[in-house]
Amino acid sequence: MNVLIGELVNECFCVSMRLQLEKHKGEILGVVVVESGWGSILPTVILANMMNGGPAARSGKLSIGDQIMSINGTSLVGLPLATCQGIIKGLKNQTQVKLNIVSCPPVTTVLIKRPDLKYQLGFSVQNGIICSLMRGGIAERGGVRVGHRIIEINGQSVVATAHEKIVQALSNSVGEIHMKTMPAAMFRLLTGQETPLYI
């Protein structure tokens, strides 16, 4: 394992690493990947789940939330999710897999600075999921990403909060608005709302 760089991204320390995983020929990698979300600094796929006993989990080198930058020299940055999944599925007959990853926590910390209520937040939310984002707005500058599920606003969990109350909390907030989010697909997997389909 080679550590390449470290950087502060959304108040979390992320480390870029080169890894090599061993697997049996014919064995799937045993991962679920999701999109990082529109507005991400690095638009790539994120490791959302690992199959118990699969090569990815057995290696002990990967964590949920890791961003996969490349596989065996093929960059995944900017590619559609289906293309990235196809590349991963194509590894089935290989015995070694080389990955470049950026290891980050699965939760993104967002800080929106809203001086007063006359400033629009610049994003829309439906059932806790960020649906759209105004380019150049205060939310985009704060790290908000389309396709992410809001899990916390100003230190208060909103996981089981009704849509109307989330909208009200956001609409009435001024000053520094602290949010924690994660890709909605990852949230559904981690909360048992979806069954993982390993590749």
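User: Is E27 buried or exposed?
Analyst: Happy to look at that one, keeping in mind that this is a predicted model. The relative accessible area of E27 is 17%. Buried means under 20%, so E27 counts as buried.

User: Which residue forms a salt bridge with E27, and where do the two lie?
Analyst: E27 sits in the loop between strand 2 (12–22) and strand 3, while its partner is in helix 1 (residues 55–59), so the pair ties together parts that are 31 residues apart in sequence. The closest N and O atoms are 2.9 Å apart. The partner is partly exposed at 43% relative accessibility, and its name is R58.

User: How far apart are the closest N and O atoms of R135 and E140?
Analyst: Good pair to check. R135 is exposed, with 61% relative accessibility, whereas E140 is partly exposed at 23%. A salt bridge needs the atoms within 4 Å, and here the closest N and O atoms are separated by 3.7 Å.

User: How many salt bridges are there between domain 1 and domain 2?
Analyst: The chain is divided into domain 1 (3–105) and domain 2 (108–187). These domains bury about 1100 Å² between them, with 58% of that on carbon and sulfur atoms. For salt bridges between domain 1 and domain 2, the count is zero.

User: Which element gives the largest share of the side of domain 1 that touches domain 2?
Analyst: Two elements give two or more residues to that side, namely strand 3 (31–35) and strand 4 (45–50). The largest share is three residues, and it comes from strand 4.

How values were computed:
Residues are numbered from 1 along each chain as its sequence is written. This is a predicted model: local features need pLDDT of at least 70, side-chain atom pairs count only at pLDDT 80 or more; totals for chains, interfaces and linings use all residues. Side-chain values use heavy atoms; hydrogens and water are left out. Domain bounds come from an automatic or database domain assignment. Buried area is the accessible area (1.4 Å probe) that two parts lose on being put together, summed over both. A salt bridge is a side-chain nitrogen of Lys or Arg within 4 Å of a carboxyl oxygen of Asp or Glu. Helices (H or I, at least four residues) and strands (E, at least two) are DSSP runs, numbered from the N terminus. Buried means under 20% relative accessible area, exposed over 50%, partly exposed in between (1.4 Å probe, protein chains only).
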